[in-house]
Amino acid sequence: MTHLFDPITLRDLTLKNRVWVSPMCQYSSVDGVVGKWHEIHLGSFATGGPGMVMVEATGVVPEGRISTACPGIYNDEQQSALASIVDFSHSQGVAMGIQLAHAGRKGSCTKPGADHPIATLDEGGWETVSASPIAFHGMSIPRELSIDEIHALTQSFADAAKRSIAAGFDLVEIHAAHGYLLHQFYSPLTNNRSDQYGGSFENRIRFLCEVTTAVRNAIPEGMPLFIRISASDWVEGGWSVEDSIELVKVLKELGADLIDVSSGGNVYNAKITIGPGYQLPFASKIREATGVAVSAVGMITEAKLADEIISSGSADAVFLARAMLRNPRWALNAAEEL
């Protein structure tokens, strides 16, 4: 029986345990460059014994960031700043991943605590883009991306993956969840296009599939590729776990090694039933139906629950966020408890 503190090997990478630190937005970068805050924030996790730490959603282009204070990996200065954090994590025997992202219509935000949510051009904001000109609640109407722009962004994801390799990361994750750009394309609630990127299921997943192929081709054969998806929109007529299963079958063929299973984020008022491990059934169904390795996320705070998730075969690893913020030594404490 596999347990929480057993190693896991994905391609050529062996992670020493299955306790992983979730990507968590910090809104503490300047011009997309991480600094002292991130060194301490991420470094504290690395000293606490997890198998891997995932850097927060990192823009593949300036307009791909969630806020004006979110990190990017589209220039040399950003790459160098991240590399020093990776080096420290490696010195602690902890692997590092990075979540490559484009926020789409949910971008150009101000930092939390500002008196207005959307950054103006004078404040460093930008015009947002999406699959279709459908606004998220309380935000600007985005501009619909052209086909040429979609192709350019696909290349931007690949370029960001190459920079991630140069910075020393052990794996990359494509962020296709939580109502951000790639999710905006595959969900029927935010995509009403009539070209090859809209309409049918195959067309709506096309952008994510092309990004997956481009990133897979950009990284070494032995490097794992993770993809975070929202398994359900939690809304009638929206994206469903059955859709996710069919998507993951395709992503598996394209070279995805692990699906990081989350949910929601694309609809403001979705009715989501929340509790410990509330998203686990999605991960379990996807794992069983596709045979792909999956990680579970969502209110996993107790060591026994985390271990049960692994030992029951419901998921191959767990991502923790708030529990790690409260206690960066969570993994060491859990090992002692178990």
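This is a predicted model: local features need pLDDT of at least 70, side-chain atom pairs count only at pLDDT 80 or more; totals for chains, interfaces and linings use all residues.

1. D257 is a buried residue, with a relative accessible area of 17%, where buried means under 20% relative accessible area, exposed over 50% and partly exposed in between (1.4 Å probe, protein chains only). The side chains of R216 and D257 meet in a salt bridge at 3.1 Å, N to O, a salt bridge being a side-chain nitrogen of Lys or Arg within 4 Å of a carboxyl oxygen of Asp or Glu. R216 lies in helix α6 (residues 206-218) and D257 in the loop between α7 (241-253) and β10 (258-262), so the pair ties together parts that are 41 residues apart in sequence. Helices (H or I, at least four residues) and strands (E, at least two) are DSSP runs, numbered from the N terminus.

2. Residues are numbered from 1 along each chain as its sequence is written, and side-chain values use heavy atoms, with hydrogens and water left out.

3. How many salt bridges does the structure hold? There are 12 salt bridges, and a network of them links R11, R216, E221 and D257.

4. A salt bridge also joins the side chains of D76 and R163 (2.9 Å, N to O). This pair links distant parts of the chain, with D76 in helix α2 (residues 76-91) and R163 in helix α3 (residues 147-166), 87 residues apart. D76 counts as exposed at 57% relative accessibility, whereas R163 is partly exposed, with a relative accessible area of 21%.

5. The largest pocket holds about 940 Å³ of space, and 34 residues line this pocket, with P23, H178, R228, A321 and R322 nearest its centre. A pocket is an open set of points on a 1 Å grid over the protein atoms alone, where a 1.4 Å probe fits, with protein on both sides within 12 Å along at least five of seven lines; lining residues have an atom within 4 Å of a point. The volume is the space filled by probe spheres set on the points, which are joined across faces, edges and corners.

6. Helix α10 gives the largest share of that lining, 4 residues.
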